[in-house]
Amino acid sequence: MSTETRREEAPTQPPQLVEMSWDPMTRIVGSLGIYTKIDFKNRRVAEAFSTSHIFRGYSIFMKGKDPRDAHFITSRICGICGDNHATCSVYTQNMAYGVKPPAIGEWIINLGEAAEYMFDHNIFQENLVGVDFCEQMVKETNPAVLEKANNTPAPHAEDHGYRTIGDIMRSLNPFVGEFYREALHVSRYTREAFCLMEGRHVHPSTLYPGGVGTVATVQVFTDYLVRLMKYVEWMKKVVPMHDDLFDFWYEALPGYEMVGYRQTLLGCWGSWQDPDVCDYDYRTMEKWGRAMFVTPGVIVDGEL
């Protein structure tokens with residue numbers, strides 16, 4: 001990753017406005033570029049935007065392909081969230097062909113999606129975002145904060161096992177921290193849970209329009225349940241640990257809670273169909289859309 005810094009030459013700009021860019025940031029698939037204009041005198045970011053230079057092109061080269069292959073092709077758009085693309089493709093094919101999967105097939109897709117969410121959340125929050133709050137990072141960027149963390153007891157130490165906030169930060173150190181390595185193990189068995197439902201991660205092999213190729217047996221669901229309960233126990237440690245770490249951060253660096261704040265524009269397509277309601281008929285979409293276990297919606301400036 002390279003960092004460029006140059007002062008704004010335009011005389012109309014504030015005297016302390018400095019242009020800074022970080023490009024590429026390789027923590028995400030496809031690399032990310034962050035471009036900013038920072039007013040150091042007033043300690044504020046005047047402008048900021050992000051961009052990705054990779055061109056996916058799936059909407060172009062899907063033209064002319066057999067639609068029955070769509071879910072196998074579109075899942076290749078990403079090496080992390082391929083299942084989500086495949087699932088959406090299967091949903092649209094169900095609507096196009098006028099088919100409705102058996103209820104057990106719909107539940108298998110839902111369980112696969114659930115395992116995907118657990119995997120994504122874990123690897124993102126613990127192994128990617130957690131690095132920003134680890135001891136190694138804080139030591140270089142905010143040494144005074146690390147010193148305070150080492151002397152601050154963790155309010156929920158009995159739940160997660162780390163005596164001080166500094167201990168939490170050390171557990172997040174990449175590849176050597178206890179919590180970081182434990183999270184890598186969690187990402188393994190959440191993938192295993194996914195494979196039990198959809199055959200392969202990250203490109204499902206048993207999803208089809210109108211159903212699934214997974215054989216629904218008691219053993220398959222038992223194996224999934226074992227991994228699910230392990231994740232539930234993991235969350236009992238994760239949630240209070242995050243509360244302690246982020247509450248400390250807000251207290252140690254006043255104003256940090258405003259990092260990334262901007263106009264609220266959020267959209268959700270919905271997730272997890274209810275097989276008792278969903279018939280994949282466009283005419284009844286509002287009904288089965290509202291019956292999804294995660295309902296679709298758009299939020300603009302706090303209004304749904």
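**Figure 1. Charges and overall build of the protein chain.** The protein chain carries 29 positive and 40 negative side chains, and the centres of the two sets lie 4 Å apart. Here Lys and Arg count as positive and Asp and Glu as negative, with His and the chain ends not counted; each charge is placed at NZ of Lys, CZ of Arg, CG of Asp or CD of Glu. Please keep in mind that this is a predicted model, in which local features need pLDDT of at least 70 and side-chain atom pairs count only at pLDDT 80 or more, while totals for chains, interfaces and linings use all residues. Residues are numbered from 1 along each chain as its sequence is written, and side-chain values use heavy atoms, with hydrogens and water left out. The protein chain has 11 helices and eight strands, which are DSSP runs numbered from the N terminus (helices: H or I, at least four residues; strands: E, at least two). Its C-alpha trace spans about 60 × 55 × 35 Å along the principal axes. Of the 304 residues, 37% count as buried; buried means under 20% relative accessible area, exposed over 50%, and partly exposed in between (1.4 Å probe, protein chains only).

Figure 2. On helix α6 (residues 143-150), the buried residues are V145, L146 and A149. They share one side of α6 because they cover an arc of only 100° around the axis, the arc being that of the directions from the helix axis to the C-beta atoms. As a reminder, an α-helix has 3.6 residues a turn, so residues three or four places apart point the same way. A144 and E147, on the other side of α6, are exposed. The cover over the buried residues of α6 includes α5 (135-141), α8 (165-171) and α10 (218-252).

**Figure 3. N110 and its neighbour W272.** N110 sits in helix α4 (residues 103-129) and is buried, at 5% relative accessibility. Leaving aside residues up to four places away in sequence, N110 touches Y91, W272 and Q273, where contact means heavy atoms within 4.5 Å. W272 belongs to the loop between β7 (265-268) and α11 (285-290) and is partly exposed, at 23% relative accessibility. The phi of W272 is positive, near 65°, in a residue other than glycine.

Figure 4. The peptide bond from D23 to P24 is cis, with omega near 5°, and P24 is part of strand β2 (residues 17-25). D301, in the segment after β8 (297-300), is not a glycine, yet its phi is positive at about 55°. D301 counts as partly exposed, with 49% relative accessibility. For context, most residues other than glycine have a negative phi, and most peptide bonds are trans.

**Figure 5. A loop residue, V176.** You will find V176 in the loop between α8 and α9 (178-198). V176 is exposed, with a relative accessible area of 55%. Not counting residues up to four places away in sequence, V176 touches Q136 and R181.

**Figure 6. Cysteines without a bridge.** A search of the whole structure finds zero disulfides, a disulfide being a pair of cysteine sulfur atoms within 2.5 Å. For C88, the nearest cysteine sulfur is that of C81, 10.0 Å away. C88 is partly exposed at 47% relative accessible area, and C195 is also partly exposed, at 30%.
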